[in-house]
Amino acid sequence: MLRFPLLALAAAALAQAQITRQPADLVIRNARIATVDAPEFAQALAIRGERIAAVGANAAMAEFTGPATRVIDARGAFVMPGFIESHGHFMGLGQFQRSLNLRDAPSWSGITRMVAAAAREAKPGVWIIGRGFHQSKWNTPPTPNVQGFPVHDDLSKAAPNNPVLLAHASGHASMVNAKAMELAGIARETRDPRGGAILRDAQGNPTGLLNERAQGLAYRAYNAYLARRPAAVRTADARAEAALAFKECLRNGITSFQDAGSSFATVDLFRSLRAEGRLDVRLWVMLSETNEALAARGAGYRTIDSEKHRLTVRAIKRSLDGALGSRGAWLLAPYSDLPSSSGLNTTPLETLRGTAAYAMAHGFQLCVHAIGDRANRETLNVFEEFIRKKRSKDPIAPPIPPGLRWRVEHAQHLDAADIPRFAALGVIASMQGIHCTSDAPYVLDRLGPRRAEEGAYVWRKLIDSGALIANGTDVPVEEIDPIANFHASVTRKSREGAAFYPAQRMTRMEALRSYTINAARAAFEENDKGSLRRGKLADLVILSRDLLTVPDEEIRSTEVLYTIVGGKVMYERGARQ
Ligand SMILES: [Zn+2]
């Protein structure tokens, strides 16, 4: 019973006031904060639990700072929303950390030496896996070679008792040795599988290079070997790889990762990691399963994690062609340096239509890998067909895009007529700035100057036409490093300093947006991620340099000082992780 109702009322009001002034868990002061929101810049922010409690001036933080509040004095460092990797292969990143890294190998003989060293350590029969080789980046061409690719003899000598599988940097071709070909059943009389090619020498013998779908022959043998591992070893391997991938993300300032194609089994793993609270980085996943498998089980996998925002599965991945480096990109006209070929269509259009119908019916985004101008046109045609269908079903449909947010992954080489179609259809261009600079050495050979200038990596033209671009690295095809990718996006300059059609650069702010709010939008997550505003998830990074003002040639020296996910410091430079 209350004898002094007025006093009780005052006490309640006081308690209320204390709740709104409840101290923050973390305050960051003396920073230059790019909010990617309004107002554009701030000095400080406060975080309570998983979310941002306030953004403002240093002085405004006093009321959020209690005895238990951790305060980080940023000393003028740059703060921005955490990087959202818009297109990467999460488990591939983990596996890459455990395989031979061939990216910086200077030559084919350098690679065969690395394989020989690995073979000396491996038991007979154990597969040796390498990733990231690129024949156009070697200082000397291999001899002998077929279409610029090496032949397997030296590789087979380097590892006579171990199957060897080396993935091309593009992910669209692989090089194998004799032991792997024996296990994969690849011989002189083996026919090319549909959508793929077994490269052969003048005598008709397989060289060891498998293009596009022909890689499946080797991967089948490798997967059979993996499947023979006891279940406990398999699970332990996958968990170890996921842990390595999380660590690599956090070290690089990635707070959300959009996984460009995983199986149901991998999503099962992600689900158990979520249940254990081990999803250190937020995952948004595209399912990579056949139409038949989706029809049977896909709906059960659709997950929109609107509470914790740790695991969302709401997209489907398809690949319409290969990559430019291995001449697998599907072009409208033949390759300038291989007039007999216009590339490869790796998924029949009817299959893609089946996927589109399923995605439309079950509320999935559809994400289609398209690199060549033909693949891009066909993808946009299919998207348009379904978007029109959706509009005609709805008599009061607005004349604006219906908000399916379907995506073209890579959108690398476009015919001029297709550039405005992205904005017109509301289709997101999920591009990789770093592909432009790392592909630059051979784009002109493959496409010739007219096509390269008109439509290769034309993010300026896309932005000007009103399209939304999300940025990423396609890791492990490229390093996950968002700083190097940002540099490529705003300079289009390679490490050697040559700029590839620099008129197509993004501005600094456009590049920042492509990696934050645009990426969030490309996943229907812009209400929770992608900018620093009160109420949003406290996902952010502190960097050593200001990405908006640092001179071009110093961008790459920028370091990640802190990575904060959901208000928790998950990486701190110099600290023991
Ligand atoms: Zn990819």
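Modeller: What follows is a set of questions and answers on a predicted model.

Colleague: Which strands stand at the edges of the four-stranded sheet?

Modeller: This open sheet has the order β5-β4-β1-β6, and its pairing is mixed. Each edge strand has a single partner strand, so one side of it is left without a neighbour in the sheet. The twist from one strand to the next averages 15°. The edge strands are β5 (51-56) and β6 (70-73).

Colleague: Within that sheet, which strand runs parallel to β1?

Modeller: β1 and β4 pair in the antiparallel sense over three bridges, with Ala-46 in β4 as the bridge partner of Val-27. β4 (residues 44-48) also pairs with β5 in the antiparallel sense, over five bridges. On the other hand, Ile-28 stands opposite Ile-72 in β6. Four bridges join β1 (residues 26-29) to its parallel partner, β6.

Colleague: Which strands stand at the edges of the eight-stranded sheet?

Modeller: The order in this open sheet is β8-β17-β18-β19-β20-β21-β22-β23, with parallel pairing. Each of the two edge strands has a single partner strand, so one side is left without a neighbour in the sheet. Neighbouring strands are turned by 25° against each other on average, direction ignored. The edges are β8 (83-88) and β23 (469-471).

Colleague: In β22, which residue is the bridge partner of Val-408?

Modeller: β21 (residues 407-410) and β22 (residues 428-431) pair in the parallel sense over three bridges. In β22, the partner of Val-408 is Ala-429.

Colleague: What angle does the direction of α2 make with that of β17?

Modeller: α2 packs on the eight-stranded sheet. There it touches β8, β17 (254-262) and β18 (282-287). The angle between the directions of α2 and β17 is about 100°.

Colleague: How are α2 and α7 oriented to each other, roughly parallel or roughly perpendicular?

Modeller: The axes of α2 (residues 90-97) and α7 (residues 231-251) come within 7 Å and cross at roughly 95°. Angles from 65 to 115 degrees count as roughly perpendicular. The two helices are therefore roughly perpendicular.

Colleague: How many residues of the contact of α2 with α7 are nonpolar?

Modeller: Among the residues making the contact are Phe-90, Met-91 and Leu-93 of α2 and Ala-242, Leu-244 and Ala-245 of α7. Three residues of the contact are polar and two are charged. The nonpolar ones number six.

Colleague: Is Leu-380 buried or exposed?

Modeller: Leu-380 lies in helix α11 (residues 373-393). Leaving aside its neighbours within four places in sequence, Leu-380 is in contact with Asp-418, Arg-421, Leu-425 and Val-427. There are 24 other C-beta atoms within 10 Å, and the cut-off is 20 or more, so Leu-380 is buried.

Colleague: Arg-75 and His-410 both have a positive phi; which of the two counts as buried?

Modeller: Arg-75, with phi near 50°, is in the loop between β6 and β7 (78-81). Arg-75 has 10 other C-beta atoms within 10 Å and is exposed. His-410 has a phi of about 95° and its place is in strand β21. With 28 C-beta neighbours inside 10 Å, the buried one is His-410.

Colleague: Where does Pro-144 lie, and what is omega for the cis peptide bond that joins Thr-143 to it?

Modeller: Pro-144 lies in the loop between β10 (128-133) and β11 (145-146). For the cis peptide bond between Thr-143 and Pro-144, omega is about -10°.

Methods. Residues numbered from 1 in each chain as written. Predicted model: local features only at pLDDT ≥ 70, side-chain atom pairs only at ≥ 80, totals over all residues. Pairing = 2+ DSSP bridges. Axes fitted to C-alpha atoms, helices over the stretch in contact; angles between N-to-C directions. Parallel < 35°, antiparallel > 145°, perpendicular 65-115°, else oblique. Contact = placed C-beta atoms within 7 Å. Nonpolar A, V, L, I, M, F, W, Y, C, P; charged D, E, K, R; others polar. Buried ≥ 20, exposed ≤ 12 C-beta atoms within 10 Å, placed from the backbone.
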